[in-house]
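I am opening a new page for this structure. The entries below follow the order in which I looked things up.

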Amino acid sequence: MNPGDIITILIMSLMAMVPIVLTSVGAAWSERAGVVSIGYEGVLLMSAFFGAIFAELARNALVGLIGGIIVGLLLGMLHGVLTVYLKGDHVIPGIGINLLAMGVVPFGILAYWGTAGQHQLPHDAIMWHWRTPYGEISPMIIVTVVIAVVTWWVLFKTPLGLRVRACGENPEAADALGINVEKYRFWSTVYGHALAGLGGAYMSVDWLGLVHKTMSGGRGFIALANMVFSGWNPLISLIGGWLFGFFEALATWLAPKHIIPGQFILMLPYIMTLIIVAGIIGKARPPKWDGKPYKRE
Amino acid sequence: MRRSGSSPLINFKPFVESLIAILVGFIIGAIVLIAFGYNPLEAYYWLFIGALGSTRGIASTLKYATPIMLTALTFAIGTRTGIFNIGAEGSFYFGAIASVIFTNLWGNMWFGLLMGMLLGALWALPAAILKVYRGVHEVISTIMLNWIAWFFVLWLIVGPYANPNDPNKTIRIPEAARLPVIGYGLSIAIIIAVIAAILTYFLLWHTTMGFGMRASGINQKAARYGGMNPKMAIMWSFIIGGLLSGLGGAMKVMGEGPTYAISQGGANIYGFGFDGIGVSLVGRNHPLGIILSALFFGMMRAGTALMQVNAHVPLEIIKVIQGIIVITVAIPGLYDLLVRAFRGGVAQ
């Protein structure tokens, strides 16, 4: 390994970081308000698919990213209605969204493009990248950093963020202070899923330039692991997300080198996630009312 | 409230809710089909004929119902103990691998099934230990374990257990260890699966251990005060769940010809764990409900053969319908909501 390789891996990890960080930041905000979702995997996959369609129709990657946000928004509204307003279980709707994605995307790829399982996007539907000798850099990396920092700032340094966190820590007290807990929880869920939607669209119209029926690859769950690892803090999840992105980049970089069978290298991000999560979780404390429906007395 | 609606003996409310969810799934599925330019009536007609229109179709329905019945039981035992065990998929892979490895050491059917169950349970253990001793949420750990198991299978297929005559598949299950065939490609696996469901029902509702598991699923603290051990309940829930999915994986390979092997890219063992979650939720996480629900989803899968050929609809549409059914089932108090809406419109 020479210095150039190290720079290449670092750039690859920054590219791989984007969907994980965006989802972690969104999930952290949503859980700070008290709403758990495990449907981000499905959100990533479906917004990657629909984002690609939007980008191809408009011949513009930016439209694809906005399309991804809209898909996330709608799925977040669905989850919000079921959990916040109908007081349902927080995990089962996510299972439904994930199963739905596993149907919609392979079906959609076949029905819309007529290819089985995978579709390559045309060049004019893929985001502009800055080409360096060590690899391509997407402007979305900067957007992701800005989103993580701004989300952290709003959540911890503004009255709005305080009200959101109150809904997750002590909704009764928040309610007594005149905060509309349901409204805050609902829109927090929508924001969380919308960020995941942006991350999903990034995968297809920006980072990889293709749609594949299993392209989310567990990132929705790795992002949740990263959220716990970061203590539900968007700023730390930026660093955590880069770490998870690094393992992914390392696996992608090592795979063609045939040092050990490729399948074992591809396991790496998942094994590292397990190890990190196992080492850290005993100390992690979720918001007190995380995942618990709030009913007014 | 009418008495029949809340009768403790036969609770038909969840049954009706599942039927409504299925109906909603098919209606939205039809809208999706129309949106992509297919004829939903034609698609559903061939789906039905393919599943139940012939003896071969019915055999195929039962064949497809088998693996998802077992993986659904894994999820159901989890929910009854208060955990979301998404790890059926990984245990299923390991059951399948075990059947290939061990029947080739000793060509005995029972040995193959046993080792499948054992390895399935073994693969469920890390998530159980992480949950009980480290507080790691089982959804995250089981998903990671599923992915690790998946790459392990892929390595076995092209690596040490590749078939030298057909390098994209694993070596075959020896003839002596294959499950006896009833007819039309249907093996006795379906009978074993139904027995497993009934045994699970007895375990959960008619044994002390099952009572302890359900009690800690409803309220951990109360169960501990009642002298039960919720930690052990969770451990057993993972282990038995792994056993059942491992059995499913072993029978998928040992009971389905003509390949009797894990096929290229693991295609014939992928996705049954995830489908089982839907089956369990629609069967209301009850072993007997799961038998019916697995038969329903088996029917859908069997019907796709004729639907693809005659209506030219991709088989993935049934997964779209399945996802919508699960989301609809997740609507809390669906039955009461509908009754209220109906009464509001008619009776007042």
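**Entry 1: one alanine.** I began with B:Ala294 and left aside its neighbours within four places in sequence; it is in contact with B:Ala65, B:Ile68, B:Met69, B:Ala72 and B:Val279. I count two residues as in contact if their C-beta atoms, placed from the backbone, lie within 7 Å.

**Entry 2: ground rules.** I note that this is a predicted model, where local features need pLDDT of at least 70 and side-chain atom pairs count only at pLDDT 80 or more, while totals for chains, interfaces and linings use all residues. Residues are numbered from 1 along each chain as its sequence is written, and chains are lettered from A and ligands numbered from 1 in the order in which they are written.

**Entry 3: the core.** I looked up the largest nonpolar core and found 212 residues, with B:Ala294 listed among those having the most contacts inside it, alongside A:Val205, A:Leu224, B:Met69 and B:Leu73. Such a core is a set of buried Ala, Val, Leu, Ile, Met, Phe, Trp, Tyr and Cys residues joined through C-beta atoms within 7 Å. Buried requires 20 or more other C-beta atoms within 10 Å of the residue's own; 12 or fewer is exposed, and in between is partly exposed. Helix α8 (residues 181-207) of chain A supplies the largest share of this core, 14 residues. Helices here are DSSP runs (H or I, at least four residues), numbered from the N terminus.

**Entry 4: domains of chain B.** I find chain B divided into domain 1 (11-38 + 313-348) and domain 2 (62-310), with bounds from an automatic or database domain assignment. Ten residues of domain 1 of chain B are in contact with ten residues of domain 2 of chain B. On the domain 1 side, α13(B) gives the most, with five residues. That side has eight nonpolar, two polar and no charged residues. In this scheme Ala, Val, Leu, Ile, Met, Phe, Trp, Tyr, Cys and Pro are nonpolar, Asp, Glu, Lys and Arg charged, and the others, Gly among them, polar.

**Entry 5: between the chains.** I counted 35 residues from chain B and 38 residues from chain A in the contact. On the chain B side, α6(B) gives the most, with eleven residues.

**Entry 6: one isoleucine.** Is B:Ile331 buried or exposed? B:Ile331 counts as buried because it has 21 C-beta neighbours inside 10 Å. I place B:Ile331 in the loop between α13 and α14 (334-346) of chain B. Apart from neighbours within four places in sequence, B:Ile331 is in contact with A:Leu82, A:Leu86 and A:Gly88.

Notes:
Helices (H or I, at least four residues) and strands (E, at least two) are DSSP runs, numbered from the N terminus.
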